[in-house]
Amino acid sequence: EAAGVADAADAAGTAEIDVPLAAVQPGDRLRVRPGDKVPVDGTIAAGRSAVDESMLTGEPIPVAKAPGDRVTAGTVNGNGSFVMVAERVGSDTLLAQIVRLVGEAQRSRAPIQRLADRVAAWFVPAVMATAVAAAAAWWFLGPEPRLAHALLAAVSVLIIACPCALGLATPMSIMVATGRGAHAGVLIRNAEALEVFERVDVVVVDKTGTLTAGRPRLTAIETAGDVAGAGAAAGGWPQPELLRLAASLERASEHPLAAALLAAAAERSLTLAEPTELAVEPGGGVRGVVEGHAVALGTAELLAGLGIATRTRAGDGATAGDGGRNGDLDLQGRAEALRRDGQTVLLAAIDGRLAGLFAVADPIKPSTPEALRELRSEGLRAVLATGDNRTTAAAVAARLGIAAADVVAAAPPAAKRDLVARLQAQGHVVAMAGDGINDAPALAQADLGIAMGTGTGVAIESAAITLLQGDLRAMLRARRLSQATMRNIRQNLVFAFAYNALGVPLAAGALYPVFGILLSPMIASAAMSLSSVSVIANALRLRHAHL
C-alpha cells in the first residue's frame with residue numbers, strides 16, 4: 001500500500017512522490033489525502049482535518065485534528081488534507097501493538113480455566129469407568145443381543161461425554177472478549193486481567209495524564225530576583241532566561257509538565273541548549289547542567305534533597321507578576337496560592353539557589369467526573385495518588401468528589417507502590433491507573449494495572465489493560481466487559497457440566513427400563529456437536545455486549 005504521499009522534498013521543499021508503506025521511516029513527512037487511511041503513527045505538521053478513530057475508541061464521531069495533534073495508523077482521514085511527521089512505523093505502530101497484544105491475550109489462559117482443567121482431569125477417567133460399567137450392566141443384565149447393546153452403550157457414553165464443550169467454555173469467551181475490548185478502546189494484555197477486574201473494589205488513580213488531560217500549559221513564571229535590571233549577578237534570573245534554562249533541561253523528558261515548558265519556550269522563540277549530566281527523579285523532577293549552570297526543576301522535596309533552601313525572599317527590585325509592587329515576594333507563599341487554585345508548581349534552582357517557579361495548569365478531562373461517578377455507583381472506591389503537592393491534589397480531588405481521606409499527595413513512585421500494597425494487605429483487590437514512568441512500580445504491584453494509551457511505554461508495558469485514548473470512561477467499559485465475560489464463562493461451564501450430567505446417563509441407557517429407548521451413537525455424536533456449537537454461540541454473544 002502507498003503511505004499517502006511522502007514529502008521527499010528537494011532543496012525547494014516542493015517534490016512529492018508516492019512511496020511504498022515499507023519504505024517510510026521515522027522523521028519522513030507524509031501527506032495524507034482526504035479519505036486515505038493514516039499510514040503510520042505520527043504528529044500533524046500542517047493542515048487540518050477530522051479523523052475517524054472509531055477503530056480505537058468505538059466512537060463514531062470523527063475527531064478534529066490540527067498541527068501538533070497525534071494521529072494513529074489505521075484511522076481514516078476525513079475531507080481535509082494534512083502533512084504529518086512519521087514517528088512510529090511498521091511493528092512499532094499502535095495498531096501493530098494492538099494486533100500483537102490481542103493475539104497474545106487470546107492465547108493466554110484465565111485462572112478460571114484451571115477449574116475446567118481440574119474437572120477434566122477427573123472427568124475423563126470417570127467417563128471411561130462409566131462406559132465400562134454401562135457395558136458390563138448391559139452384558140450381564142440387558143436383553144439379547146447383549147454384546148451389541150453393551151457396545152452401543154459404551155460407545156454412546158464415550159461420544160456424548162467428549163469434553164469439547166468443557167474445553168471451549170473459557171478460551172472462546174476470552175477470545176471474543178479481547179476482540180470486543182479492542183473495538184471499545186480497551187487493550188487487554190492477558191485473560192487473567194478480565195477475571196481480576198470483576199473482583200476489583202478499589203481503584204488508585206494518578207492525577208496528571210489520568211484524571212487531567214495531560215496537556216498542561218504554562219500559566220505563570222515567578223522569579224526570585226530583580227528582573228528590572230539586577231539580573232543573574234544579583235541572584236535573580238529574568239523570566240525568559242529562567243524559562244530557557246528550564247526548558248533546555250526538560251528537552252529529553254516525556255512528562256506532560258515538560259511539554260508545557262517546551263511549548264512556552266517555543267511560543268517565545270527561545271533558543272534551547274543541550275543539557276548534560278541529566279538525571280531524572282521519577283515523581284520528583286529533573287536535574288542537570290545547562291551551559292555550565294547546575295539546574296534543578298521539580299518538587300520542593302527534590303530541591304531539599306539537593307540541599308537547596310526552598311523558602312526565600314526576593315530582592316528590592318520588581319519581581320515577575322507583581323509589577324514591582326511586592327519586592328519582598330515569598331515564592332513558597334505564592335506557590336501555595338497557585339496550588340490552592342489547582343495548578344501544579346515546579347520550583348527551579350540554578351547553581352544551588354532557588355531561582356523561581358513555574359505554574360502549570362492541566363485541565364481535568366471532561367469525561368473524568370462522569371467516569372468517577374459511574375465507578376462509585378458500581379461500588380468502586382477511588383483513591384488519588386499523585387506526586388503533586390497536597391494543596392493541588394486536594395483542589396483537584398474536591399472538584400471530582402474524591403474524599404480528602406482518599407488523597408495521597410507528594411507521593412514518589414515507591415510511595416504509590418506502598419499505598420497499593422497497604423490496600424492489598426487490608427483485603428482489597430486493587431487496580432492502579434496511571435500513565436507515567438513514576439506509576440510503573442504501582443502498576444506492577446497492583447492486582448490489575450491500567451495504563452493510559454496516551455502515556456509512556458514503560459507504564460503500558462507494566463499494565464495488564466491499556467485504555468487506548470486515555471479516557472477513564474473506557475475503564476468502565478473494561479469493567480463491564482470483565483463482568484460480562486466472567487458471566488459468559490460461568491454460563492458455558494454450567495452448560496457443559498449440565499449437558500454431561502444429563503447426557504451420560506441417557507447414553508448409558510437410563511431410559512431403556514421405562515421407555516425402551518437406547519440412545520444411538522449417531523444421536524450421541526450429534527448431541528455432542530450441538531453442545532460445542534451452543535458454547536460457541538453463547539461466547540459470540542459477547543460481541544454485542546453492552547459496555
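Let's start with strand E20 (residues 448-452) and strand E21 (residues 465-467): they run parallel and are joined by three bridges. Ala451 has Thr466 as its bridge partner in E21. This is a predicted model, so read what follows with that in mind.

Zoom out and both strands turn up in an open sheet of seven, ordered E9-E21-E20-E19-E10-E17-E18, with mixed pairing. Strand E9 (186-188) and strand E18 (407-408) sit at the edges; each has a single partner strand, so one side of each has no neighbour in the sheet. As a reminder, strands of a sheet pair through backbone hydrogen bonds, in either the parallel or the antiparallel sense.

## Strand E10 and its two partners

What does strand E10 (residues 202-205) pair with? On one count, E10 pairs with strand E19 (residues 430-434) in the parallel sense, over four bridges. E10 is also joined by four bridges to strand E17 (residues 381-385), and those two run parallel as well.

Val205 stands opposite Ala433 in E19, and Leu384 is the bridge partner of Val205 in E17. Along E10, Val202 and Val204 point one way while Val203 and Val205 point the other way, and all are buried.

## A hairpin elsewhere

Strand E12 (residues 276-281) and strand E13 (residues 285-290) pair in the antiparallel sense, again over four bridges. Ala279 stands opposite Arg287 in E13. The hairpin of E12 and E13 has three residues between the strands, and Gly283 takes a positive phi near 85° there.

Setting aside neighbours within four places in sequence, Ile465 is in contact with Val186, Leu187, Ile188, Ala193, Phe197, Leu448, Gly449, Ile450, Ala451 and Ala478.

The whole structure has 21 salt bridges. One of them joins Glu370 to Arg473, with the closest N and O atoms 3.8 Å apart. Glu370 belongs to helix H11 (residues 368-377) and Arg473 to helix H16, so this pair links distant parts of the chain, 103 residues apart. Glu370 counts as partly exposed, at 37% relative accessibility, and so does Arg473, at 32%. Arg473 also forms a salt bridge with Asp471, where the closest N and O atoms are 2.9 Å apart. Asp471, at 17% relative accessibility, counts as buried.

Arg480 forms a salt bridge with Glu378, with 3.1 Å between the closest N and O atoms. Arg480 lies in helix H16 and Glu378 in the loop between H11 and E17, so the pair ties together parts that are 102 residues apart in sequence. Arg480 is partly exposed, with a relative accessible area of 25%, and Glu378 counts as partly exposed at 25% relative accessibility.

## A buried helix and a nonpolar patch

Is helix H7 (residues 239-249) largely enclosed or left open? Eight of its 11 residues are buried, so H7 is largely enclosed by the rest of the structure. The buried residues are Leu242, Leu243, Arg244, Leu245, Ala246, Ala247, Ser248 and Leu249.

Out on the surface, Trp139, Phe140, Leu141, Leu147 and Leu151 form a nonpolar patch, with about 620 Å² of accessible area together. Helix H3 (113-141) and helix H4 (146-160) each supply at least two of the patch residues, and the largest share, three residues, comes from H3. Phe140 is found in H3 and counts as exposed, at 58% relative accessibility.

## The chain overall

The chain has 18 helices and 21 strands, and 50% of its 547 residues count as buried. Among contacts between residues at least 6 apart in sequence, 67% join residues at least 24 apart. The accessible surface comes to about 24,000 Å², and 58% of that belongs to carbon and sulfur atoms.

Methods. Residues are numbered from 1 along each chain as its sequence is written. This is a predicted model: local features need pLDDT of at least 70, side-chain atom pairs count only at pLDDT 80 or more; totals for chains, interfaces and linings use all residues. Side-chain values use heavy atoms; hydrogens and water are left out. Patches are made of residues with over 30% relative accessible area and no salt bridge: like charges are joined within 9 Å, nonpolar side chains (Val, Leu, Ile, Met, Phe, Trp, Tyr) within 5 Å. Accessible areas come from the Shrake-Rupley method with a 1.4 Å probe; for residues, only the protein chains shown count as cover. A salt bridge is a side-chain nitrogen of Lys or Arg within 4 Å of a carboxyl oxygen of Asp or Glu. Buried means under 20% relative accessible area, exposed over 50%, partly exposed in between (1.4 Å probe, protein chains only). Contact means heavy atoms within 4.5 Å. Two strands pair if DSSP finds at least two bridges between them.
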